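Student: I have a new model on my screen and would like to learn how to read it. Please take me through some of its features.

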Amino acid sequence: MILSSRSSAVLLAIAGTAVAAASLPRCPDPTRADYDFVVVGAGAGGGPLASRLVESGYSVLLVDAGHDTVNVNTTLPGFNLRTLEDPEIDLDYTLKEYPPSFPVKRDSSWYPRARALGGSTIHNAMINIIAGTRPDFDGLAQTFNDSTWSRENMQNYFRRIEHNLYLPANNTDHGFDGWLKTSTLPTDVFERNPAFFDAQVAALVDVLPQQGPPIDDLNALASDGSVGVNGPSATIDENHIRSSVHERLQNVNATSPSLLHLSLDTLATKVLLCSNGTGGSTTAYGINTVPGAALPVASNFNGKVGLNGRNVTAKYEVIVSGGVFQSPQLLMLSGIGDKNHLGQFGIQSVVHLPGVGSNLQDHDEVSVIWHLKQNYTLFNGCTFLSDPNKDPCLQDWIDSNHRNLYAFTTTIDAIITKSTPDRSDPDVMTYFTPAFFPGFFRGAPQQLADTHNALSAIVLKAHPSSRGTVRLTGSHPQDRLDIKKFHFQAPGGSADVTALRNGVKRAREIVQTSAIGPLVETEVFPGANVTTDDQINDFIFNRVFGHHGCCTNAMGPDSDSNSVLDGNFRVRGVDRLRVVDASAWPHVPGFFITTPTYMMSEKAADTIISSVKRGAT
């Protein structure tokens, strides 16, 4: 791959690594490579990309630290929180929310991810929203002077991936033959048992749509930027089973087993770099893998192992798709990152890119929770256990053709607003769920299972200001990472807190002044005694959470010395190496990131295939 243009900043970065590049081994003959492409990571970034490359006739080695897991946790929508603690797939990351000087101490916040075929898409909440992404996609189009990034053009990728199950096939905003099945609330559950539609459910269905003008379609191009209310669709199929890139990969592997090669339960430890002599460019030609090695945050981690692994090589490109934490780690272990940071651990700097592992972003969320006076009828007999003999609801799920509580994901309606009237785009979403959802805190899955009379309103701040870091703690790939969010510390942090605080007040007002109010027994979070702005702020500081981490290998313009990637996902200063996953976003997109990242992955596939066909890689 040859970059057609580079700014002076990038040229200086490359020139500064000339000595390191000269010491690299000479590049092997690419025609003798093991595969056409090597992709590291089988999640929202790597999964669609690998699948599309295979369907285009290329051989792909797809490496992932997890394995192919199919159980009730990963398939039943209602079990999505159970996946967070499933030892088959859990990645038990922790991070620091605030700097040491901040009065609230949260130095070990739980940040669960998944290791599996499908990555974290097999444990997400299945909310399918691309609303709010116009500033993200149009911003990329402007940054790179590339109209293919525009919000209008990116709708084509949404159509490509979607298999819509709930709209007429002449709807031009949606797709009907893609690989990602989408549906709305499973009303057949209520048809099967009208008693499920009790007073609590009826009040929510009646009240929430009245909290703003209706948004016809949260995924329609014309609706992006709208303020109002609608129920989001979900990535759930016609049998009320989770739909994700996991099924996409399974199907492609079944139809093209000679082209898609899976290396699961395998740790990628380093990108292999080479150079064609003095003055030659640094080039990626493969990766080193250690089969059977586990990430240090995985339940199957049994201590560090030796790194005498297997080298695998790529004819065309290496694509890193390990996600927000593992992708920057892999680059840094390979000598790509901030040279001063790498030097602390004896890692030779090959390409100085200070932006690697910087710019950590996430959505800010906080939950307001009430206990209702009566349990939901839907929850009767439900224990959220994997054995039908111990969970009457699971047995009923089987007997009723999947028509009970476990068919539902988390959200009934979403209310989209602006934090201030002068904003050009809405930036606050409040979504309601008839369940106890405090956020991603330890014990939350069991709290949801044990509480059958809760209502939660989750206030989400989009495009927040916080910028954190992902840093190494050692040179071994099984060393834990040092992850810091630095919540509310950047310019705009005070405004973010205000937006969340006002969201809490509005959620309370909706409940207290509507038909929901008489059904409430007590407010659990923040609690009825939390009334002043300072008290609500303190609640936010102690309970803010997120689960959409991104942006640690950000795309950016040539003039930005902290940009890691160009607009075609290429790692600056390294030929034949790209990053395609959530870490590539320069800003956390929209309100929910999985579907936008699927769209990004499909765009990357087109870019890479075009590059190969032109002989430019």
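Student: Which residue follows α3, and is its phi positive or negative?

Tutor: The residue after α3 is G57, and its phi is positive, near 95°. Before we go on, note that this is a predicted model: local features need pLDDT of at least 70, side-chain atom pairs count only at pLDDT 80 or more, and totals for chains, interfaces and linings use all residues. Residues are numbered from 1 along each chain as its sequence is written, and side-chain values use heavy atoms, without hydrogens and water. Helices (H or I, at least four residues) and strands (E, at least two) are DSSP runs, numbered from the N terminus.

Student: How many residues of α3 are buried?

Tutor: Buried means under 20% relative accessible area, exposed over 50%, and partly exposed in between (1.4 Å probe, protein chains only). In α3 (residues 46-55), nine of the 10 residues are buried, and the helix is mostly covered. Among them are P48, L49, R52 and L53.

Student: What does N73 touch?

Tutor: Contact means heavy atoms within 4.5 Å. Leaving out residues up to four places away in sequence, N73 touches F79, N80, R82, T83 and D86. A polar contact is a pair of N or O atoms within 3.5 Å; within protein, one must be able to donate a hydrogen and the other to accept it, and residues adjacent in sequence count only if both atoms are side-chain atoms. The side chains of N73 and D86 make one, at 3.0 Å. N73 belongs to helix α4 (residues 72-75) and is buried, at 13% relative accessible area.

Student: How do I read two packed helices, and at what angle do α6 and α16 cross?

Tutor: Two packed helices are described by the angle between their axes and the distance between the axes. The axes of α6 (residues 151-161) and α16 (residues 594-614) come within 9 Å and cross at roughly 100°. Those axes are lines fitted to C-alpha atoms over the stretch in contact, with angles from 0 to 180 degrees between N-to-C directions. The two helices are therefore roughly perpendicular; under 35 degrees counts as roughly parallel, over 145 as roughly antiparallel, 65 to 115 as roughly perpendicular and the rest as oblique. Residues meeting there include Y157 and F158 in α6, and Y598 and M599 in α16.

Student: Which strands does β16 pair with?

Tutor: Two strands pair if DSSP finds at least two bridges between them. Eight bridges join β16 to β19 (residues 454-461), antiparallel, and W370 has L455 as its bridge partner. β16 also pairs with β22 in the antiparallel sense over four bridges, where L372 stands opposite V520. Eight of the nine residues of β16 are buried, so this strand is largely enclosed by the rest of the structure.

Student: What does α15 pack against?

Tutor: The buried residues of α15 pack against β16 (364-372), α14 (493-512) and β22 (520-525). They are I536, N537, F539, I540 and F541. In the loop between β22 and α15 you will find P526, and the peptide bond from F525 to P526 is cis, with omega near -5°.
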